[in-house]
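Have a look at the structure first, then read on.

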Amino acid sequence: MWKYILKRFAMLIPVMMGTILVVFFIMDQSNVDPAKIMLGDAATAENIAHLHKQLGLDDPFFVRYFRYLGNLLHGDLGISYTYKTSVAGQIASRLPNTAILAGSGVFLTVIIGIPLGVISAKHQFSIFDNVSTVFTLFGAAAPAFWVGLVLVMVFSQHLHLFPASGMGRGTVGLLKSLILPAITLSLSGTANVARTTRSSMLEVIRADYIDTARAKGTDERTITLRHMLRNALIPVTTVVGLNFGVLLGGSVLTETVFAWPGIGRYVIESIKSQDIPSVLGCVVVLSILFTVVNLFVDILYAYIDPRIKAQYKSAGGSK
Amino acid sequence: MTQQGMKKATGMNEYQGRSLWGEAWHRYKKNKVAVAGLVVVIALLIIALGTIVIDLVTHESVYNELVLKQDIYRKLAKPSMQHIFGCDEYGRDIFFRMVWGTRYSLFIGVSSILFALAIGLVLGSIAGYYGGKIDNFIMRIMDVFLSIPSMVMAIAVVTALGTGTFNLVLSIAIPQIPRLARIVRASVMTVRDREFIESARAVGANDRLIITQYVLPNAMAPIIVQTSLYIGQAILAIAGLSFLGIGIQPPTPEWGSILNAARTYMRQAWHISLIPGLVIMFTVLSLNAAGDGLRDALDPKLKN
Amino acid sequence: MAFLEINKINIDYVTEDGVVEAVNDIDLSLKEGESLGLVGETGAGKTTLAKCIMRILPERTARINSGEIFYKGTDLLKLEPEKMREIRGSEIAMIFQDPMTALNPVLTVGEQIAEAVQNHQKVDDAEAMKKAEEMLELVGIPAARSSEYPHQFSGGMRQRVVIAIALACNPKLLIADEPTTALDVTIQAQVLEMIQKLRTQMKSSLILITHDLGLVAQNCESVAVIYAGEIVEYGTVHDIFKDMKHPYTVGLFTSIPKINEDVKRLTPIPGNTPDPVHLPKGCKFCTRCAYATEKCQNEHPELYQSSEGHFVRCFLKGQGGEKYGKQ
């Protein structure tokens with residue numbers, strides 16, 4: 001198992017380098033001249049040329065790419081044009097906020113989506129199943145930011161239950177301010193997970209080994225949890241992992257709606273002020289986060305499904 | 001050898017292809033939700049095309065009058081008989097803005113997915129058909145693209161290239177390329193080794209002909225289903241970008257950009273938030289229902 | 001009272017295409033320690049009947065319309081679900097057809113056998129696992145392999161695991177549903193021999209479901225031939241092999257190769273099993289029967305007793321005999 005994990009980590013390095021290359025290349029297409037932005041309107045052509053040289057902006061693409069990569073290894077993501085401080089520092093101060101929001105989003109997705117799917121499948125075509133199916137259809141089709149707006153209108157402005165924006169202080173304040181954005185962020189994922197769980201449960205429910213389990217006198221609860229769900233979770237795990245990417249993308253919208261002080265909001269601010277290093281830094285950090293989370297999902301996957309482990313073992317040739 | 005000759009030689013007849021889709025349509029018709037979805041999608045297409053025709057015929061005078069003209073006396077007017085969806089912060093009728101905005105969501109959504117599909121088809125079918133090193137190379141590159149969350153990638157593209165319509169199409173399309181390439185590859189791989197491909201090869205068809213004439217037509221069903229489901233996602237993404245202010249720019253009446261103003265005027269005018277969102281949701285819902293119906297119709301085994 | 005007595009069981013499946021009558025008016029009985037063969041083609045209703053005895057039919061689609069299944073004097077169909085659960089695995093156990101799909105892929109074989117033990121005996125995990133290892137040894141698998149997963153075993157080995165699960169609690173009645181169909185020919189004999197040996201040791205009764213009359217001849221004392229959900233011939237193995245009556249039984253017999261006879265061609269039964277949604281009105285076999293008369297097409301034959309304990313559902317062959325029925 002450890003060998004598998006190590007191997008997966010090793011495979012991560014070229015993918016990360018490629019990811020950063022792609023992001024770096026895309027952002028390089030921008031025609032914003034950082035020197036002009038940094039020096040302001042008063043800058044002379046000479047000053048600009050000097051700064052270009054200083055920042056190495058005239059170097060060939062790959063030189064700049066590898067320099068960026070090298071700096072990244074030291075935790076250096078460049079200097080923000082607007083804040084005039086390190087991008088890494090800006091991101092570091094906001095990352096925990098995004099992590100709290102995204103983490104709560106995943107948590108809600110899993111603890112609501114999976115039971116919904118399981119109960120729906122166990123009681124196929126019941127009222128519960130129908131209601132849950134309608135919920136998943138709407139949940140997958142509703143624009144998350146709009147759901148956020150509606151939640152604010154109902155729960156903040158009319159019922160005054162939760163704050164409409166910002167991040168509250170203290171445990172209670174934080175939780176109160178977290179509830180609406182977390183629901184907003186998790187809605188489409190919850191719908192997705194519920195749907196996947198339901199259909200993979202329905203496949204498993206008819207499996208022969210469920211008959212075997214019944215025939216040996218296993219009780220219904222154990223059959224559902226130990227025999228059905230453990231098998232049904234295999235595809236669900238993948239969906240949860242992939243959904244994390246959707247969630248990170250969605251956090252940009254959700255943080256904007258709720259003025260949540262995280263990376264997503266930082267990206268949008270930076271785009272508006274044409275602060276390219278900040279946008280680049282955020283995109284790189286979000287991509288790394290997504291890739292690392294998916295690595296954990298892959299490892300979890302191997303843990304749930306012994307066949308994956310075996311594949312690796314036979315491919316690796318040793319136990 | 002002619003293509004017809006080749007088809008005869010390989011024993012693949014037109015009838016089989018038609019009966020698959022005929023059969024699928026027969027099953028599709030029975031699915032009420034899917035038919036309802038399809039009806040809504042067709043209605044939206046008619047609206048989108050209709051407004052384009054009106055603009056062409058009237059040289060946008062109707063557009064200017066109904067959609068762009070501001071009227072301070074109707075500012076944030078609530079829904080009423082005259083303005084069934086109410087008015088926005090400039091006193092423009094939201095109903096007409098939504099009607100004229102249909103084309104952006106629909107056509108940018110469809111064209112970005114078709115664009116992604118075109119590239120995904122090429123990459124996916126090469127990877128799936130040849131396998132081995134080529135497959136490995138292409139799919140590793142796709143993995144790299146997949147490791148960037150699609151909304152994040154779209155934001156990066158729009159930031160770098162700017163907010164034009166074509167850039168918007170690109171920003172939605174690029175993240176979907178690896179997903180579609182994967183689906184194409186998987187589908188091609190299931191068809192690749194079937195007998196009629198062998199026989200096409202035996203009568204001397206070249207690879208390009210085999211892929212375009214034999215492999216892809218038989219691998220299309222799952223690809224079409226997924227493509228139809230991605231269009232809904234694309235529409236949500238466009239609305240999201242416009243809401244953030246980095247999609248379609250005002251005063252163009254894109255659905256998401258109408259919602260952009262909603263947050264500011266939420267207190268005074270609930271209808272600006274509520275109605276455009278509902279329209280987007282029902283549009284995506286209809287597209288998804290139509291796509292799901294198509295999947296069930298094409299592969300009844302998948303239906304629970 | 002007999003050990004197992006099945007009275008007039010009727011089971012339907014409700015499908016999108018209509019109602020399928022899977023089992024019609026089946027009567028069977030089995031003495032303690034006896035073995036009975038259920039023979040018929042795929043789709044004849046054998047597995048449905050077996051799952052009905054176990055009460056593991058799919059709840060939503062299968063409908064038991066009428067009938068009784070008395071096991072040691074209690075009607076299984078009227079038992080509380082929890083009481084029935086206690087009987088499954090401990091009193092009545094079942095071996096399934098396809099060992100490739102009958103085991104849970106994410107649990108070790110040891111865990112799967114131990115679960116059967118813990119379902120019925122209050123033992124801790126370690127003890128249950130010890131019992132599981134004993135069971136593995138009993139079916140010829142080294143105890144050390146108990147921590148392996150199903151995909152690490154061959155088909156024949158998996159079927160041994162399935163047998164170990166079924167026999168883990170010494171059931172009094174074992175239902176084996178085509179236990180060797182999915183296996184290689186070379187392993188079939190071994191597996192069946194093992195089932196026979198173990199069930200004789202444990203003094204269990206056996207219902208062997210198969211489409212192979214040869215297996216029944218070797219392993220069973222009595223046999224019921226099932227066609228389209230009903231019994232067409234029923235008797236002791238001796239009676240039936242000596243004097244088979246029903247044209248379908250004859251057809252089944254002549255479609256298997258025999259070593260001691262010089263037959264140039266096997267005679268398959270013409271046609272297919274009838275569409276279960278649209279069964280023929282009269283004798284269900286009339287569409288494929290070489291002797292069918294107009295009467296066969298219009299009237300449904302009863303099960304006639306042609307000789308003591310030998311019953312046949314046929315106007316031609318059973319005519320003159322007494323009607324089958326319970327006193």
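Predicted model: local features only at pLDDT ≥ 70, side-chain atom pairs only at ≥ 80, totals over all residues.

1. Start with who touches whom. Two pairs of chains touch, and the pair A and B has the most contacts. Chains B and C, on the other hand, share no contact, and their closest C-alpha atoms are 12 Å apart.

2. Now the A–B contact itself. Chain A puts in 43 residues and chain B 37 residues. On the chain B side, the elements giving two or more residues are helix H6 (132-146), helix H7 (150-161), helix H10 (207-244) and helix H12 (270-298). Sorted by class, that side of chain B has 25 nonpolar residues, nine polar and three charged.

3. Chain A comes in two pieces: domain 1 spans 7-73 and domain 2 spans 89-314. Taken over C-alpha atoms, the centres of these two domains of chain A are 34 Å apart. Where they meet, domain 1 of chain A contributes 13 residues and domain 2 of chain A contributes twelve.

4. Which helix gives the most to the side of domain 1 of chain A that touches domain 2 of chain A? That would be H1(A), with nine residues. Helix H1 (2-28) and helix H2 (34-39) of chain A each supply at least two residues of that side. As for make-up, the residues there divide into ten nonpolar, two polar and one charged.

Note on methods. Residues numbered from 1 in each chain as written. Chains lettered and ligands numbered in written order. Contact = placed C-beta atoms within 7 Å. Helix = DSSP H or I, 4+ residues; strand = E, 2+ residues; numbered from the N terminus. Nonpolar A, V, L, I, M, F, W, Y, C, P; charged D, E, K, R; others polar. Domains from an automatic or database assignment.
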